[in-house]
Amino acid sequence: MKRKQIFISILLLVSLSLSACAGAATPTQAPAAPTAAAEQPTEKPAGGGKLEVFSWWTSGGEAAALEALFTQFKKYNPTAEIINATIAGGGGSNARAVLQTRLAGGDPPDTWQIHPGFELLGQYVASGYVDPITDLYKSEGWDKVMPAGLIEQMTKDGQIYGVLAGVHRGNGLWYNKKVLDAQGITVGATMSVDEFFQIANKLIAADITPLCVGDTGIWASAQLFENTLLGVIGPEKYKGLWDGSVAFDSPEVKSAMETYGKMLDYQNSDHSALSWDQAIKKLMEGTCVFSSMGDWAYGEFVKAQLKDNVDFGWVSHPGSAGSFMIVADGFVMAKNAPDKDNNTLFLKAIGSKEGQEAFNPLKGSIPARTDVDRAKFGVYHNWSMDSFAKDALVPSVVHGSAAPADFQQALNDAVTSFVVDKNVDAFAAALVKAAQDSGFAK
Ligand code: GAL
């Protein structure tokens, strides 16, 4: 698929009506633990063989959620040997390079983690590393229960190449509620950029670090920028960046860069020594208060058995209420997969209602399926489902969907320089050039 066509797909994604998970009332209880009583697969269990699953899900919450997928798969094949091939490093910062080497060397795992859009279509489909799974969409009825806009992001020439386990909301701002309560600070339903700085200044006055960042993988700081960009310029202009109608050196983008630079002044001094989940741990311990992070952070709170709206809380990243930054996670069928039969069962388990209901409460994402039982999900997930149903849906560049890999890399490089020099003109110029090199600047 040509880049231009992929960009058109991105626009389709954000313009199509994605009515996932809308409708039911929001419960107030904590998330229900996945039940063991989920329906059993109807077909006769297969036996033996291997299944190698490649991912970067190594944090506490990520690993627990991945294990839940394995448990679902074992219902289909209880005796298969699962090879859990993980490479640590949030956002796939290390894993994607290792995977490329394996794929180029003809040594594919059976399946691996993908983001729809450019990452799947540009890096894996275009290179011929994956087989279509369109037939599974028909046999499993996924074509009727998965949002059309997301399927479109995984489709080339009428063939579908991935199945989604869940959909993360990237633009969350998480906080330690007990620390804020002790300071007499209340966070409302939304937060503006100005409100964030007012609260941050109060915390500084009380000798408390406002912002928790862990950017050993620079993507975490790039995500703070991506969220701030969305919050400052709004979803329409944010979308315009990816079709070239908004320039990276426009005044509003530069203003977002200034705001991001200002936010960096409030981060923990050890940020560059920590991973994203270590930063969330600091938040839980109360040595810093806010973290701008996708809702895989929620998986860490679940794993630590903390309580929603008691121990921790959330709000959209400052200024970004009304938008849902999509970071969807899917899995594929490798071409020449060592064990296609087991992988077919694994993909079926992922796309099943039971699989989605077991995985997502632990991972923090919402199910991609539209027919799940909302009562099985807690207050955060219902909040996120509502947001997905009614808010502006925008693609993440940091997590591979909005732009080609070369732009994603150039953004990470530009962020690495910016956190040191805070030079807005240089940052803007680097992104203008990257968009031109990547072929989507007008
Ligand atoms: C994203 C991925 C999430 C989560 C996060 C941090 O790219 O979509 O599932 O794993 O990285 O590692």
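Which strands does α10 lie across, and at what angle does α10 run to β10? In this predicted model, α10 lies across β8, β9 and β10, at about 80 degrees to β10. Contact here means heavy atoms within 4.5 Å. Axes are lines fitted to C-alpha atoms, for helices over the stretch in contact, and angles run from 0 to 180 degrees between N-to-C directions.

As the model is predicted, local features need pLDDT of at least 70 and side-chain atom pairs count only at pLDDT 80 or more, while totals for chains, interfaces and linings use all residues. Residues are numbered from 1 along each chain as its sequence is written, and side-chain values use heavy atoms, with hydrogens and water left out.

**Chain overview**
- The protein chain holds 18 helices and 14 strands. Helices (H or I, at least four residues) and strands (E, at least two) are DSSP runs, numbered from the N terminus.
- Of its 442 residues, 59% count as buried. Buried means under 20% relative accessible area, exposed over 50%, and partly exposed in between (1.4 Å probe, protein chains only).
- Among contacts in the protein chain with a separation of 6 or more, 79% come from residues 24 or more positions apart.
- The chain exposes about 16300 Å², and carbon and sulfur atoms supply 51% of that area. Accessible areas come from the Shrake-Rupley method with a 1.4 Å probe; for residues, only the protein chains shown count as cover.

**The four-stranded sheet**
- An open sheet of 4 strands runs in the order β9-β10-β8-β11, with mixed pairing. Two strands pair if DSSP finds at least two bridges between them.
- β9 and β11 (312–316) are the edge strands, each pairing on one side only.
- From one strand to the next, the twist averages 20 degrees.
- β8 (residues 172–176) pairs with β11 in the antiparallel sense, over 5 bridges.
- Tyr-175 stands opposite Gly-313 in β11.

**The disulfide**
- A search of the whole structure finds 1 disulfide (a pair of cysteine sulfur atoms within 2.5 Å).
- Cys-212 and Cys-288 form this bond, with their sulfur atoms 2.2 Å apart.
- The pair links distant parts of the chain, 76 residues apart. Cys-212 sits in the loop between β9 (209–211) and α10 (219–242), and Cys-288 in strand β10 (residues 288–293).
- The torsion about the S-S bond of Cys-212 and Cys-288 is about 120 degrees, so the disulfide is right-handed.
- Cys-212 is buried, at 2% relative accessible area. Cys-288 is buried too, at 0%.
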